[in-house]
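Let's take a walk through this one together. Have a look at the fold below, then read on.

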Amino acid sequence: GGGFGGALGEPCIPVPGHGTGLNHCPAGMARQGSGAMLASGGLGFPPQNLARVVVWEWLNEHGRWRPYSAAVCHHIENVLKEDARGSVVLGQVDVQLAPYVIDLQSMHQFRQDTGTMRPVRRNFYDPSSAPGKGIVWEWENDNNSWTPYDMDICITIQNAYEKQHPWLDLSSLGFCYLIYFSSMSQMNRQTQRKRRLRRRMDLAYPLTMGSIPKSQSWPVGTSTGTPCSCPQCLLVNSTRAASNAILASQRRKLYPGAVRQSSTFAGAALWPAGTGTAAVAVGTTKGEGLRVPGGAFAPSQSMPGGVPLPGLNNLNRPGTQRGAGLGARATVPPGVPALPVKNLNGTGPVHPALAGMTGILMCAAGLPVCLTRAPKPILHPPPVSKSDIKPVPGVNGICRKTKKKHLKKSKTPEDVVRRYIQKVKNPPDEDCTICMERLVTSSGYEGVLSHRGIKPELVGKLGKCGHMYHLLCLLAMYNNGNKDGSLQCPTCKAIYGEKTGTQPPGKMEFHLIPHSLPGYTDSKTIRIVYDIPTGIQGPEHPNPGKKYTARGFPRHCYLPDNEKGRKVLKLLIVAWDRRLIFTIGTSNTTGESDTVVWNEIHHKTEFGSNLTGHGYPDPNYLDNVLAELLAQGVSEATLKD
């Protein structure tokens, strides 16, 4: 939803295309320009008398800041001008974002139906950059829909496009992708997978000058300070009061003795005594009331004239006498019930404040509420005794170890490239798909790379597939890879030689356990255990000499014990021996760099469910992983050698 390639705040592809590890890439032809982000932090503000483009962004689960659309940003800015501590209902400008609300005071977006909360930020960019011109760069995802790039990437691409560069290397931003403007495509430099990209015109993002207006306190009432008593305002105000009470309680738990009084609750009460405004008491999991710092709730008052307000009957039922639980500093008016809401102890996946907020909203609307924890994935099988663990039939051994790689110094890069190509005297007038220059002209790497004996205009044809490239381009591609004596055609992915990876030292164990996977009830299960310790990066890694971390090891993976499952296991053992299962890069899950990550061969780590997408049943998994192994040069033919 919202044009982000997935529901806003739901799982979204963190970087363009596929790939986890980040490689060292040759310097690009274009670098990040003046459109870079200038300032952020809370609501933030640009320097005085300096116009800046405002882009609001939300943080996804992969640690990437994703931009809201220009229309949504205009809406947020309009609300901000009226009340800098108010709430922004995103559904008012985009129906696909109906469940989402931004709280400007806490700078968080929350989804009302699931309770998911994500940080938001307000960033400033140069008015001459892409967002200031209303230019959006997008890539085509696996669903054949279009996903906008992160704003810093979008600005970098536009800068290169305006300077008429033929291509752009995104390595300066930490991504191993090449952008080709002539074919409007993006290529993953690890897998050579290509995706389409497009440039489209949209609404320009809002401009701002100087600091933001002073915030206005809420609730907004008349000039006399009396709050509005319409049912909607009463509901909103009581909901916000309760949610802040929950947040204050959580802060006290996290930082005992260090919590300052919330500015929202400054003073003895939110509203003057006697205004007749309803308050809401929220029960904790133990049924206790929450104390509010500074006596935030108004003293006990009845509704004016004792007349129930229309539409708020559930807020005026005879209430339970839980006021005593609040202590002497805060009382609850009679007639206001304490709403029991589950999952306020902070142990579930839903943020306690949002669980409470959602429950209050739904109760106030007369809807039944039962916020419970989401089902947990079944990651591991029941305990297995050592006597029940058996070798996998048809597979030799139960363990494989890898040690540090010893770099082969026998062949130079030029020797490797020349080994697999035949020189072409009269090349056709078509593109070299590495540099995107014509084969009849010099390589795009002319001036970037210089090797004796390889002229920039020389063209070679790969022996098996027949695809043609500049020799200098093939050399640049080889130097950017693992330099293991193998070469992979960027067009058809044909592998020349034996491809190896950069997997750090570790151990792979595999055995049979007497339990069945969902979807394979007639088969036992093959369990694979990978264990890689922390260590120091070698010369083949992104940062040689620097320490790398290894999180989540040992990692347990599962295959069905049938003919195809055993075939996959045998090929995974080959991939392990060739150091292709893991690599060192940046984690898509945590954003941590210099850590051990999966290397594009998917594994099933969830034993008894498929809540994460990494479990069973998945009828296509075995075929998919065979295709991924083949892309790494690990095929059934290797088992016959």
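A quick term before we start: strands here are DSSP runs of E with at least two residues, numbered from the N terminus. Keep in mind that this is a predicted model.

With that in hand, find Ser87, which sits in strand β3 (residues 87–89).

The largest nonpolar core has 43 residues, and Trp56, Tyr68, Ile76, Leu90 and Tyr149 are the ones that touch the most other members. Elements giving two or more residues to this core include β1 (51–59), α1 (70–82), β6 (117–125) and α3 (151–162). There is also a second, separate core of 40 residues, with Ile526, Ala550, Cys557 and Leu559 among them.

Next, jump to an open sheet of three strands, ordered β17-β18-β19 with antiparallel pairing. β17 (421–424) and β19 (468–470) are at the edges; each has a single partner strand, so one side of each lacks a neighbour in the sheet. On average, neighbouring strands here are turned by 40° against each other, ignoring direction. Four bridges link β17 with β18 (residues 459–462), and Ile421 faces Leu462 in β18.

Two helices go with this sheet. Helix α6 (residues 413–420) lies across β17 and β18, at about 80° to β17. Helix α7 (residues 471–480) touches β17, β18 and β19 as it packs on the sheet, and its direction makes about 85° with that of β19.

Key. Residues numbered from 1 in each chain as written. Predicted model: local features only at pLDDT ≥ 70, side-chain atom pairs only at ≥ 80, totals over all residues. Heavy atoms only, no water. Core = buried A, V, L, I, M, F, W, Y, C linked by side-chain atoms within 4.5 Å. Buried < 20%, exposed > 50% of the residue type's maximum accessible area, 1.4 Å probe, protein only. Pairing = 2+ DSSP bridges. Axes fitted to C-alpha atoms, helices over the stretch in contact; angles between N-to-C directions. Contact = heavy atoms within 4.5 Å.
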